[in-house]
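Let's take a walk through this one, pair by pair and region by region. Keep the viewer open as you read.

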Amino acid sequence: MLDITFIRENVELVKQGMVHKGEKNVEVVDKAIAKDDEWRKAVTDADRLRAESNARSKEIGKLMGQGKKEEAQKIIKETGESKEKIKELEKSITRLRDELDELLYKIPNVPDPSVPVGSTEDDNQTFKTWGKPAGDTGKKPHWDIAEQKKWLDFDRGSKVTGAGFPFYIGKMAALQRALINFFISEAASAGYTEMQAPFFVNEDSARGTGQIPDKEDMMYEIQRDQFFVIPTGEVPITNYHRDEIVGKDLLPLKYVAHTPCWRREAGSYGKDVRGLNRLHQFDKVELVKIVHPDESETELESLRVHAEQLLEKLELPYRTLLMCTGDMGFTQTKKYDLEVWSPGQQRWLEVSSCSNFGSFQARRMQLRYRDEKGKIEMVHTLNGSALALPRIVAAILETYQTENGDVKVPDVLQPFIGSEVI
């Protein structure tokens with residue numbers, strides 16, 4: 001969430017950011033400020049009453065020692081009444097703070113000034129291209145290759161679970177495992193600490209990274225145990241340090257983890273959701289950075305470069321998009337999307353998002369650092385997919401298919417899979 005002091009000092013900027021992100025209820029900004037006024041008044045009133053009550057209490061002993069019991073009893077009665085008023089104010093302070101937080105949760109992050117203003121994907125800017133996308137050379141889409149080789153089983157996945165939960169069979173499972181090992185190996189070489197994270201999170205964790213209140217409909221829930229099934233590894237990894245104060249000398253903290261991801265997102269029909277294009281369960285290697293605020297812009301660029309280098313080592317043509325305000329998301333201040341070229345479908349497929357959240361997530365999680373003077377400040381958080389697997393697999397099958405129906409394994413994956421062709 002945004003700091004209420006920042007909102008007070010930048011009312012029009014916050015409102016403008018909401019409009020640029022497609023949020024219409026800008027009146028929530030004024031409501032938050034009004035609620036903060038109520039909270040501040042309640043805190044001031046409670047502090048004043050405590051000070052007055054403490055001062056009056058000191059008089060009781062003197063009066064009793066002077067034999068002025070009636071005056072002392074009068075003060076005792078007054079301080080007792082003050083304590084009751086203070087208790088009521090404390091209840092109001094807690095209630096008002098909760099109500100203020102609920103309003104703040106509805107205000108999105110402010111876009112970075114470098115982010116293009118726009119409302120649709122057409123307004124995104126091409127930041128970089130690499131490789132030459134192959135034209136229509138008659139290459140098969142990945143679902144035809146996988147069906148011919150019996151590498152994917154969507155029918156049995158639907159039988160066992162439902163649509164969007166395929167089985168990966170034989171060499172397809174091996175290819176996916178090789179990609180996971182390759183991605184994690186590259187991240188470890190770049191200084192990321194590998195971790196295995198929980199696949200379920202509680203409500204506090206989902207709120208901490210901004211999945212709620214915003215994306216509840218996208219997540220699967222285990223209602224009996226009050227868990228959410230993770231939509232991305234970002235959620236458990238970033239919450240690893242929730243409610244902590246870390247030393248400045250420990251920053252940046254960099255983590256990598258492979259997790260399955262589950263999303264209930266509804267897809268359209270046709271080629272956009274055929275094969276591996278959109279699934280309800282998929283695997284992803286996630287990178288998370290927790291950094292000093294002064295370094296977050298630089299760290300975002302290095303995160304983007306890391307994801308791009310993976311695609312270059314796989315020799316898959318791609319483009320990097322700087323996302324516009326309306327296509328960026330509620331929690332990000334700046335975001336890049338990486339899209340790989342699919343020669344069998346003749347279209348771009350998103351395989352990574354690299355995002356800077358500023359202090360937006362950290363404030364929700366109370367994730368802070370202590371500087372060299374002992375002052376406590378919010379860290380900045382970032383994350384990026386490096387990479388999401390289904391569309392990478394699809395691009396490999398389509399890019400590396402041979403005339404005899406086999407698929408050549410990219411050179412960098414051969415040590416992980418143990419063969420040159422599948």
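Start with a salt bridge: the side chains of Asp406 and Lys149 meet with N and O 2.7 Å apart. Keep in mind that this is a predicted model. The pair ties together distant parts of the chain, since 257 residues separate the two partners. Asp406 sits in the loop between helix H12 (389-399) and helix H13 (414-417), while Lys149 belongs to helix H5 (residues 142-149). Is Asp406 buried, exposed or partly exposed? With a relative accessible area of 23%, Asp406 is partly exposed, because the buried class stops under 20%. Lys149, at 26%, is also partly exposed.

Other charged residues go beyond pairs. In total, the structure holds 31 salt bridges.

In helix H4 (residues 69-104), Arg95 and Glu99 are 4 residues apart, so about one helical turn separates them. They form a salt bridge whose closest N and O atoms are 3.3 Å apart. Arg95 is partly exposed at 42% relative accessibility, and Glu99 is partly exposed at 28%. Asp101 and Arg97 repeat the spacing: 4 residues along H4, or about one helical turn. Here the closest N and O atoms of the salt bridge are 2.9 Å apart. What about cover for this pair? Asp101 counts as buried, at 17% relative accessibility, whereas Arg97 is partly exposed at 28%.

Time to look inside. In soluble globular proteins, nonpolar side chains tend to be buried together. In this model, the largest nonpolar core has 54 residues, and the members touching the most others are Leu175, Leu179, Phe183, Leu311, Leu316, Ile392 and Ile396. Which helix gives the most to this core? That would be helix H7 (residues 171-189), with 10 residues. Pick Leu175 and look at its surroundings: leaving out residues up to four places away in sequence, Leu175 touches Val393, Ile396, Leu397, Leu413, Ile417 and Ile422. There is also a second, separate core of 19 residues, with Leu2, Ile4, Val11 and Val28 among them.

Some nonpolar side chains end up on the outside instead. Val160, Phe167 and Ile169 form a surface patch with about 250 Å² of accessible area together. Ile169 lies in the loop between strand E3 (167-168) and H7, and its 35% relative accessibility makes it partly exposed.

Thr325 is in the loop between strand E11 (318-322) and strand E12 (334-342), yet Thr325 counts as buried, at 2% relative accessibility. What does Thr325 touch, setting aside residues up to four places away in sequence? The list is His20, Lys21, Pro111, Val115, Pro116, Val117 and Gly118. With Gly118 there is a polar side to the meeting: a polar side-chain atom of Thr325 lies 3.0 Å from the backbone oxygen of Gly118.

Tyr240 is in the loop between helix H9 (234-238) and strand E8 (245-247). At 48% relative accessibility, Tyr240 is partly exposed, because the exposed class needs over 50%. Not counting residues up to four places away in sequence, Tyr240 touches Met195 and Tyr255.

How values were computed
Residues are numbered from 1 along each chain as its sequence is written. This is a predicted model: local features need pLDDT of at least 70, side-chain atom pairs count only at pLDDT 80 or more; totals for chains, interfaces and linings use all residues. Side-chain values use heavy atoms; hydrogens and water are left out. A nonpolar core is a set of buried Ala, Val, Leu, Ile, Met, Phe, Trp, Tyr and Cys residues joined through side-chain atoms within 4.5 Å. Buried means under 20% relative accessible area, exposed over 50%, partly exposed in between (1.4 Å probe, protein chains only). Helices (H or I, at least four residues) and strands (E, at least two) are DSSP runs, numbered from the N terminus. Contact means heavy atoms within 4.5 Å. A polar contact is a pair of N or O atoms within 3.5 Å; within protein, one must be able to donate a hydrogen and the other to accept it, and residues adjacent in sequence count only if both atoms are side-chain atoms. Patches are made of residues with over 30% relative accessible area and no salt bridge: like charges are joined within 9 Å, nonpolar side chains (Val, Leu, Ile, Met, Phe, Trp, Tyr) within 5 Å. Accessible areas come from the Shrake-Rupley method with a 1.4 Å probe; for residues, only the protein chains shown count as cover. A salt bridge is a side-chain nitrogen of Lys or Arg within 4 Å of a carboxyl oxygen of Asp or Glu.
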